[in-house]
Amino acid sequence: MTKEELEEIYKVRGSLSFKKIMTYLPFMIMTNLSNLLLISVDGLVVGNFVGTKALASINIFSPIVIIIGVLSNFIAAAISTYLSVCMGKNDIDKIKRVKHCSKILMVVSTVFIAIAQLPIVYALINSYGVSDNMVKLTWQYAIGIMISMPFGMISTIGVCQLQIVGKMKALMVFSIVEGGVNLILDLLFVGAMNMGIAGAGYGTALANILRATMTLVYLYKKTDIFNTGKVKSNLEDMKNILASGLPELASSVMLALQNYMIVKIIVDTFGEDGGVIRGVCTFALSLVLVAINGVMGSIRPLVGLLTGSRGFKVLRILMRHSFIIISTIVGILTLVIVIYPQGIYYIHGVKTIPKAGNISLIIFSMHFLLKGFDAIFRLYFSNRKQSKFSSVVTVVGSMTMPVFAFIFSKIFAPQWVWASYILSEMIIFSLNLHKYFSIVRQDYIREENLGIIYMTVKPRDAVEASRNIRKYANSNGVEQKISYRMSLCMEEMVAYAVEANKKNNINIQIIIRFYKNGGTFLMIDDGKCLALNEDNHTRNLVTDNYNLLKKVCKDIKYNYNLDLNYTFFRFEV
């Protein structure tokens, strides 16, 4: 039996990873909808209760929020990316060291942002060159947002930590509470108490403080993310974590600079109406980011797990599923915006749409799908140790956007300024696509040379599958002792999974590699936690034949991540 025949019989279809995506996605969508409520409610409430001048001031200040938030996104992405890969490698000591680093980074970055934001805000507000009245309105809003920024840092890092440990329901609840509290406080402060735009800032601050507190309490009591024992971090771990976040840092920095520069260009091109148009465009993008970030949050831990386990074939399937989901959801949202752009203005309380407002929104929406694709690529490259490439592409590609915007503002009608987003995202997408296929080709060659076998096995086919593994091994000169021991372990592990669940509809993914005088066997399944009897945690089932498994293999590593059993066996003659 050949490798191709074996893989054809037990063809990998990505059912396990797709099931996980669809399990996480509703919770992540709800989480991001709540985050959208938190982010956009200030503009919605202020636009309806205070007026378009106040709405414009919020959108003039929003690039400053993004600039200050760069550090939050960088640290959160770095921790989550590196931690998920370590989980995939099943290195317990390293996982604990990374968790210890995470605690240090959370404290240091929170203190830093609390101190550094004041001079940054002062300099940037004064750099716009807007009227004294607009500066005054912007500062009224800024005070509350500045209070919230350190707590927002804690929440942002906590979001990624909760994603990595698979606590999507908790994320959803915290986001709903935060968004709901912000809406209630905005209506109270801005509407009932007539505090103006300052009330929106204070409402956001109180909501952020509540969210950060809930996140820290939950992480401490309900997860082991802060449980590092006596293991201490080292400088190498810290460097590896920060390196993993470089693509997100590059993206966040360029996004911040883009927003700052584009606001200046838009204000120069459209006047103060530019702040209104940009606010509406930003809200439309926020709607789309609900879907994009929902998919990103759903696949983030899976991408890390599959990269760490070197299950690159399954990772390719996961990427394909991600692109299909993004295309479907974002495509529908973009179509709605194109058909009815004025609806976005109306919900902001804008009754008289600025000149070229509708066409500006339509042109702007044309880059949404590419933005979703590039976000997925950025996550993929971060996990595949292509951080330098992704960072450079993001910087180079994003630098073109304000350049295009400036050129278009001087040559074409004002609405074509928004086409700069499309061209910039197309450049990034083209470079990402070329690099992705280059990596895929290398994976194909590596898998062929190493003889890696991918299998999806149903519990009822486990005995037959083990028999076919032995046939393949015998046909390819593998030591019989290795193939028989591997088959025995597979049958035992599948039997345990069935016993724990009391049913046969378990998704089982297997990755096998035979090498000279040995082999490895990795099994990932979505059954109940099996646990080996050396595990210190309370589990549903302890494998009775664990001592037998230890005798027939050289090494066993077991972990339970994302509600998945993750068991690795190494065999030697």
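Here are some questions and answers about the predicted model shown above.

Visitor: Which helix has the highest confidence in the chain, and which the lowest?

Guide: Helices here are DSSP runs of H or I with at least four residues, strands are runs of E with at least two, and both are numbered from the N terminus. Confidence is highest in α15 (residues 368–383), with a mean of 89. At the lowest end, with a mean of 67, is α2 (residues 15–49).

Visitor: How are the axes of α5 and α9 arranged: roughly parallel, roughly antiparallel, roughly perpendicular or oblique?

Guide: Axes are lines fitted to C-alpha atoms, for helices over the stretch in contact, and angles run from 0 to 180 degrees between N-to-C directions. The axes of α5 (residues 92–127) and α9 (residues 235–244) come within 10 Å and cross at roughly 75 degrees. Angles under 35 degrees count as roughly parallel, over 145 as roughly antiparallel, 65 to 115 as roughly perpendicular and the rest as oblique. That makes α5, relative to α9, roughly perpendicular.

Visitor: Which residues of α9 make the contact with α5?

Guide: Contact means heavy atoms within 4.5 Å. From α5, the residues taking part are K94, R97, V98, C101, I104 and L105. Their counterparts in α9 are D237, M238, I241 and L242.

Visitor: What is the bridge partner of Q509 in β3?

Guide: Two strands pair if DSSP finds at least two bridges between them. β2 (residues 508–515) pairs with β1 (residues 452–456) in the antiparallel sense over five bridges, and T456 has Q509 as its bridge partner in β2. Eight bridges join β2 to β3 (residues 518–525), again antiparallel. In β3, the partner of Q509 is I524.

Visitor: Which residue in the turn between β2 and β3 has a positive phi?

Guide: β2 and β3 form a hairpin with two residues between them. Most residues other than glycine have a negative phi. In this turn, a positive phi of about 65 degrees belongs to N517.

Visitor: Is Q415 buried or exposed?

Guide: Q415 sits in the loop between α16 (387–411) and α17 (419–450). Not counting residues up to four places away in sequence, Q415 touches F270, A356, I359, S360 and I363. Buried means under 20% relative accessible area, exposed over 50%, and partly exposed in between (1.4 Å probe, protein chains only). With a relative accessible area of 18%, Q415 is buried.

Visitor: And K385, buried or exposed?

Guide: K385 lies in the loop between α15 and α16. K385 has a positive phi of about 60 degrees although it is not a glycine. At 70% relative accessibility, K385 counts as exposed.

Visitor: What separates the C-alpha atoms of G166 and G297?

Guide: G166 is in the loop between α6 (132–164) and α7 (168–192), and counts as buried at 17% relative accessibility. G166 and G297 are 131 residues apart along the chain, and their C-alpha atoms are separated by 9.9 Å.

How values were computed:
Residues numbered from 1 in each chain as written. Predicted model: local features only at pLDDT ≥ 70, side-chain atom pairs only at ≥ 80, totals over all residues. Heavy atoms only, no water. pLDDT = per-residue confidence, 0-100.
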